[in-house]
Amino acid sequence: MKVHDKRSHSVDEDKMVKRKHKAEGKAPEPDQSPKKAKTENESNQDNGKSTEGIKEEFKNFCKATSEHLSIKQMREILESNGQDPGGSDDAVVPRCQDILFYGPLDNCPICDGSLEVCGSSYSCRGSYSEWSSCPYSTRDPPRRENPIEFPDSVKDSAVADLLRRHRDLKTRPQRELPTDKPFKGMMISLSGRLTRTHQYWKSKIEKHGGKVVNSIAGATCVVVTPSERDRGGSSKLADAMQRGIPVVREAWLSDSIEKKEAQPLDAYVVVGGKGIPLDKQDASDDAFETITAELKVYGKRGVHKDTKLQDEGGQILEEDGILYNCTFAASDRARGVNECCILQLIVVPENRLHMYYKRGKIGDNSNMEERLDEWENVGDAIKEFSKRFRELTGNEFEPWEMEKKIQKKKHKLFPIDIDDGVEVRHGGLGLRQLGVAAAHSKLEPKVAHIMKILCGQEIYRYALMEIGIDVPDIPFGMLTDRHLKGCEDALLEFVEKLKRQKEIGMKGEAMWSDFSQRMFTLMPSTRPFIFRDSNDLADHVVSAFETVRDINAASRIIGDMSGSTLDDPLFEVYKKLRCSISPVEKEAHDYKMIAKYLEKTYEPVKVGEISYGISIENVFSVELSACPSLEEMKKLPNKVLLWCGTRSSNMLRHLQKGLLLAPCSLPVPGYMFGKAIVCSDAASEAARYGFTAVDRPEGFLILAIASMGENLTELITTPEDSASLEEKKHGVIGRGRKKTDESEHFVWKDDIKVPCGRLIPSEHNNSPLEYNEYAIYDPQQVTVRFLVAVKFEEKDVVYDVEE
């Protein structure tokens with residue numbers, strides 16, 4: 001067997017895109033202890049010593065015990081008091097000194113595992129589930145009330161008297177308790193448009209002990225987004241750099257609040273460039289690398305690009321219907337794990353066989369372990385492949401590959417089930433192909449332009465980049481239906497758990513953390529985080545799942561155009577959609593009606609502190625074979641023409657299969673009515689979904705005809721039970737805080753209501769919805785009628801008064 005060590009190569013490119021801003025989740029509340037924590041003053045009154053005095057005493061105590069107790073004696077002390085005596089000497093010493101001075105640790109209040117001291121904090125070493133380690137971490141751990149037990153070997157030691165003095169529970173000292181003031185004494189300056197408003201961060205900073213200042217003089221640091229730097233920066237930013245004041249990313253604020261202590265500024269300084277791991281880069285640099293990176297594996301038959309064997313005609317080994325190509329991932333925040341692994345058997349001409357193995361932290365490509373081993377015997381190579389699969393997952397390979405039977409094991413990776421096809425980031429048209437394909441298409445020029453956008457790689461690369469699921473080693477747009485179903489099942493299971501269990505405090509945070517790790521194992525990201533609430537679920541789980549699902553549909557529709565010899569590839573894809581798309585002329589009545597509807601019901605979309613207006617590029621009349629025809633819709637009662645918003649990357653799926661029901665129910669706009677198709681009479685609401693990113697101003701809005709049925713339900717609060725609404729299948733209108741002026745409404749096509757009117761305040765000031773939402777539970781009561789190509793345009797900057 002020959003062994004070839006390989007190294008991945010990073011691409012030196014110029015920055016060209018910025019990642020779409022995503023609002024970060026709410027910072028967790030301070031850890032809660034089983035017992036009420038004493039304040040610093042109360043602790044001092046109990047033992048008559050100041051916090052600094054206790055620190056000094058502990059320092060001297062550690063010095064004495066290190067000099068007069070052996071490692072063996074320390075292990076015996078730990079064992080005598082029900083503590084873990086194992087581990088390295090370096091781990092045993094602080095563990096023993098901590099319980100001798102402060103008292104024996106109790107078990108974790110979340111999972112009943114063992115707690116471990118690390119500096120001034122304590123964390124659990126147990127597992128919450130097979131998907132994640134226990135996330136419990138605190139600076140004030142639970143301790144047992146019983147006094148320390150001393151083994152015989154310690155009773156006559158030189159420090160025996162010192163140890164006995166700390167047995168008394170009444171005089172047992174308290175560690176300095178967390179104050180939840182990580183910014184205490186800090187002067188923080190905010191610059192530019194952040195993902196949250198300046199007022200939001202001002203309140204958070206002041207709550208946690210800091211002060212927000214406008215001037216640079218005397219500031220501890222300046223918080224910016226990478227886009228501020230990319231635009232050349234403000235005078236405030238230039239002044240800070242000239243004075244040597246650290247300019248840091250917004251994540252420094254959220255991480256410091258979450259970890260309850262100010263994080264090192266150096267780790268968050270706004271930097272970027274070649275060779276820096278993606279999770280340590282600015283979001284804009286991360287986005288640039290992933291959006292321009294070559295997809296390393298296009299599908300189940302894709303030979304990893306880093307092997308270079310595809311250039312020699314290499315193919316994935318196939319034996320008895322099994323393709324020897326596996327991808328694995330694991331995300332476990334408590335253990336600091338976020339990794340992926342690629343394992344392939346590759347056959348090249350002349351029967352040469354290689355095993356490719358790549359494993360490491362996601363986003364840190366240059367430091368991944370990477371091997372390319374040559375094998376002479378196919379049987380031996382297959383045995384080694386199966387052995388590695390078992391070591392990585394704790395499962396056997398053949399039951400997984402043949403029957404898809406697998407059980408997630410603790411601290412093991414989990415396979416990402418890649419399908420046999422070509423992912424759109426590889427198979428879609430590249431930039432050089434797009435112009436030629438459109439110019440030589442028999443499609444009407446405007447329709448050809450739309451198909452050029454939908455068949456190109458770019459919108460799918462941007463979509464995956466925006467949701468942070470864009471690791472080049474994994475073809476997220478070519479997953480099996482089984483894997484997508486597993487993602488959906490995990491989501492639905494968690495949503496039901498939220499309804500049944502009202503966990504709060506530490507246990508609630510642990511439940512959210514476990515689900516987060518599970519989802520980022522099934523759909524790996526360079527930047528995993530903990531979901532905190534229903535808004536996070538809607539924005540970062542449900543929306544991400546729908547995007548990945550629809551990109552998978554697009555990959556199968558488009559196929560492989562990378563080396564296309566088709567005379568008219570756009571027309572071939574158009575035929576697969578089984579729909580009719582026709583441009584509407586600007587002079588036509590329908591065009592003018594739609595332009596009026598858009599103008600009346602649109603309010604600028606706000607991203608950060610920038611507002612975006614909208615203009616129409618083109619309007620297309622659409623007839624889908626998957627939806628009822630206009631003639632069929634005329635037979636249904638109570639019809640309304642409504643707006644629907646969607647990502648450009650989801651459009652091919654919509655054109656082929658129509659609008660799909662939402663996958664779950666969440667108490668947030670867009671999902672609160674359960675498994676329904678949700679539309680709005682406000683273009684502003686649809687535009688929130690159609691808007692992609694500052695760098696991608698083009699998008700699409702859909703106008704659909706919906707039959708609301710004869711038994712219409714109106715709601716002004718979040719429904720307690722959406723299941724009953726789903727069962728009845730009656731149309732539902734959720735009334736928002738704004739409505740369209742009914743005096744301006746009109747009828748189109750004889751009996752289709754168009755709720756076109758300027759947006760005005762409604763009588764429902766306390767509604768959870770800003771605009772009216774219409775929920776339809778039967779897809780056969782909705783038909784897509786128009787596709788509106790729009791462009792978002794930056795308007796005047798709007799700042800909070802505080803800014």
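Mentor: Start with the whole chain. Among contacts (heavy atoms within 4.5 Å) between residues at least 6 apart in sequence, 72% join residues at least 24 apart. This is a predicted model: local features need pLDDT of at least 70, side-chain atom pairs count only at pLDDT 80 or more, and totals for chains, interfaces and linings use all residues. Residues are numbered from 1 along each chain as its sequence is written, and side-chain values use heavy atoms, with hydrogens and water left out.

The chain has 803 residues, and 54% of them are buried. Buried means under 20% relative accessible area, exposed over 50%, and partly exposed in between, with a 1.4 Å probe and protein chains only. The chain holds 26 helices and 30 strands. These are DSSP runs numbered from the N terminus: helices are H or I with at least four residues, strands are E with at least two.

Now the parallel sheet. It is open, with four strands in the order β6-β5-β7-β8. Strands count as paired if DSSP finds at least two bridges between them. The edges are β6 (211-212) and β8 (247-249), each pairing on one side only. Three bridges join β7 (residues 221-224) to β8 in the parallel sense.

Helix α7 (residues 198-207) lies across β5 (187-190) and β6, at about 170 degrees to β5. Helix α10 (residues 251-259) lies across β5, β7 and β8, at about 65 degrees to β8. Axes here are lines fitted to C-alpha atoms, for helices over the stretch in contact, and angles run from 0 to 180 degrees between N-to-C directions.

Next, the antiparallel sheet. This one is open too, with three strands ordered β2-β3-β4. Its edge strands are β2 (115-118) and β4 (137-138), and each pairs on one side only. Four bridges link β2 and β3 (residues 121-124) in the antiparallel sense. V117 has Y122 in β3 as its bridge partner. Helix α4 (residues 89-102) lies across β2 and β3, at about 100 degrees to β2.

Last, the cysteines. C118 is exposed, with a relative accessible area of 55%. C679 is buried, at 2%. The structure holds zero disulfides, where a disulfide is a pair of cysteine sulfur atoms within 2.5 Å.
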